Amino acid sequence: MSNPENAPGWPGIVPRWTSSAKCGVGTAFTGVSATWFTISHGILNEIYYPRMDQAMIRDMEFIVTDGADYFSEEKRDTEHSVKLMAPGVPAYILVNKCTSGRYRIEKKLIADPRRPVMLQKVKFIPIKKSDYHIYVLLAPHIANRGGGNTAWVGDIKGEPALMATHRGFSLAMVSSVPMKLASAGYVGYSDGWQDLKANKKLTNFYKCAKNGNVALVAELDLGSSGNAAILSLGFGGTMDEAGHHALVSLKSGFEESQEIYIRSWSGWSNNLWSPKLRASLYDISKVVLKEHTGVNMHGIIASLSIPWGFSKGDDDLGGYHLVWPRDMVEAAGAFVAIGAKDEVRQALLYLEATQEADGHWPQNMWMDGKAYWNGIQMDESALPILLVDLAFRKGIISNRDVQSFWPMMKRAAGFVVRNGPVSQEDRWEEDPGYTPFTLASEIAALVVAAEYAKKFNEKRIADYLLETADIWNSNIERWIYVCETTLAQQLGIDGYYVRISPIDIAEAGSPKDGFVPIKNKPPGSSSMKATYILSPDALALVRLGLRDGRDVRIQNTVRAIDKLLRTETPAGPSWHRYNDDGYGEHEDGSAFDGTGIGRLWPLLTGERAHFELSCGRVSEAKKLLKTMESFAGEGGLLPEQIWDSHDIPERELFFWKPSGSAMPLVWAHAEYIKLVRSIEEKKVFDRPPQTVKRYVKEKHPSNYASWRFNHKIKTMPKGLKLRIEVLAPAIIHWSADDWKTVTDTPTRDTGLGLHTADLDVAGLNPDTKILFTYYWRDSQRWEGNDFSVIIE
């Protein structure tokens, strides 16, 4: 039976995304297309339009039946292979061989370079017999939502078409071969997959499925002819627009679009820097960076994937197709490495346009700059400063460019000095406190910003930035280096840098005294003593020029990291983010669902290689480069995480192969590109020379101890001045003899939204207690509380 109008089963099952383990990502180089596509398991997955943060479909595949007792699903019942049509060009040839040996499907996939259309040239090759029925199954997921879609079977200017719409966007698919039968339905109830699975042919033909989780199906006249079919999937703001695009693209011909697509990509790639020893992953990585960059708004997203999307609903609209400023800066740094001048400048303009008024960037954001999550990560405000400097030092941008970007740098530096050194979240977006990567980013950014402040005649700001950087740098060991722990004793070392020192114990002066929440863990196992948690993040102290890689404290930390976090694979080592990490699959391989077990991160192998290079061990860095290359999945894409346990074939998890996390991860490809450049030059490509000079070579000290409301120290070393830092003009009312005598010291404006007063206590004896309070000049009131700092 069939209903010629609306399908039954509204609204369908809970919508889900599909696999995040992509084997291909593509888009037209021209940018006119405004269409991005992904591939896994031999089929099309998410297609994005008109921006790469807006998914339009969940997936699109073929079903093969014999009309009687045979049913085969392309993504589940075939062996897949993928290759590029040309080196360094994201145009794909897919070959899917049925595991039962009955047929083969060959496909070529590109985005039309002249309009928003996804093109597939498909050939069905029967092997054992020829009388098969071939169906195309399309699952709309318009505007990042599987719910609320409306799909129907109709026509465009007389041409049969599959169509869907939602929230002001539409899609339409037409074919070069006849659609013999077609239907719309609700997923899990009346969709074509259910009908074909049960009956081995279409028995229900529904014209429309409204406002739900919908799917479209059509039988194509491919079974016996052996001819190739061109499927043209067009997008637009209206159905007329989407249909027009699909028809024009179909009539233009696949070969013409393919030739333009390949030529434009090849022309870009061939004009960039290339290493003497060129690996295929290098060419792929360049393309990954470019195709994750917006065309009108030049943000760079983290990944065209949704980690573990197949296991969860689509209530998380963003997935990884969002701009994280940290990941974007890492990617833009790789553009610097390959000499992509326009891409770097456009990235900086994007950062300039999306910077908030107070100088920070959102934790992550849509392409238009609208914040998605609301956390504050201090490294994301510091790293853009380092990017401007890197681009200038490498000759990518001009002195005039730097001058135009200086206001952005100044605002960012102001945010860092007002809100650092602590961070609401570390670079893994989990915990607040003092963390080595964030500290290294902040301090390096302040030193670099001071150089440009001086360059642009802002000496007062330059001096303050340097003094703050020196204060924070001199306190790194005080905040995050621990000694005489059980692990240190076991390894025969005096101590190591911890992953994070929590804010609430910072007044005690030791990370040993507090506990760190462990995210993504079940209730009851959610915290550990700070001294027990390590991370490779400590290597950032070397990467960003604050410590020498041969420093005994760094070497001690490396031994501790390797003891707790290193895992050997057949290709070489990789590392976990930190011990007891919960962001990854469960022990049985089931998908991360808010809790799990953290797995190995290939980008950490790249960071370790950079550390080895900083210590002069070029051969070791080269080995780790090869190791990193081996972690790429089918199609040459680097994953966020790789599986670190025994094989679980039924869950597609194999030791040292990609897990269900994001793939590709743009950050990993960026780290790989920079490592290739670093090895070629035999030095760390993006290490700031300013910090190396100041802290590694000159070992510049600080003359101050700093007290501020987000950093209330209780003690300070003898021989330093006490700097009081506040956000408004004040008079510091203070005493060093229990208020027997009093001094009033007015604050001075730094020019960055901070006001400071330096109390001359350098000559005071140990155990002296300095008492102080504030008189706020603007509001003409006293603080009402006394504060104290004791001389150690």
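**Reading helix pairs and cysteines**

Tutor: A search of this whole predicted model finds zero disulfides.

Student: How is the burial of a cysteine read, and is Cys 208 buried or exposed?

Tutor: Take the relative accessible area; under 20% means buried. Cys 208 has 12% relative accessibility, so Cys 208 counts as buried.

Student: What is the relative accessible area of Cys 615?

Tutor: The value for Cys 615 is 14%, so this residue is buried.

Student: Now helix pairs. At what angle do the axes of α6 and α7 cross?

Tutor: Helix α6 covers residues 325–338 and helix α7 residues 341–354. Their axes cross at roughly 155 degrees and come within 9 Å. An angle over 145 counts as roughly antiparallel. Therefore α6 and α7 are roughly antiparallel to each other. Their crossing is left-handed.

Student: Which residues make the contact?

Tutor: From α6 come Met 328, Val 329, Ala 332, Phe 335 and Val 336. From α7 come Glu 343, Val 344, Ala 347, Tyr 350 and Leu 351. By class, the contact has nine nonpolar residues, no polar ones and one charged.

Student: How do α16 and α17 cross?

Tutor: Read the angle again. Helix α16 (residues 602–614) and helix α17 (residues 618–630) have axes that come within 8 Å and cross at roughly 170 degrees. So α16 is roughly antiparallel to α17.

Student: Which residues make that contact, and how many are charged?

Tutor: On α16, the residues include Pro 602, Leu 603, Arg 608 and Glu 612. On α17, they include Val 618, Glu 620, Leu 624 and Met 628.

Notes:
Residues are numbered from 1 along each chain as its sequence is written. This is a predicted model: local features need pLDDT of at least 70, side-chain atom pairs count only at pLDDT 80 or more; totals for chains, interfaces and linings use all residues. Side-chain values use heavy atoms; hydrogens and water are left out. Axes are lines fitted to C-alpha atoms, for helices over the stretch in contact, and angles run from 0 to 180 degrees between N-to-C directions. Helices (H or I, at least four residues) and strands (E, at least two) are DSSP runs, numbered from the N terminus. Angles under 35 degrees count as roughly parallel, over 145 as roughly antiparallel, 65 to 115 as roughly perpendicular and the rest as oblique. A crossing is left-handed if the near helix is turned anticlockwise from the far one by less than a right angle, and right-handed if clockwise. Contact means heavy atoms within 4.5 Å. Ala, Val, Leu, Ile, Met, Phe, Trp, Tyr, Cys and Pro count as nonpolar, Asp, Glu, Lys and Arg as charged, and the others, Gly among them, as polar. A disulfide is a pair of cysteine sulfur atoms within 2.5 Å. Buried means under 20% relative accessible area, exposed over 50%, partly exposed in between (1.4 Å probe, protein chains only).
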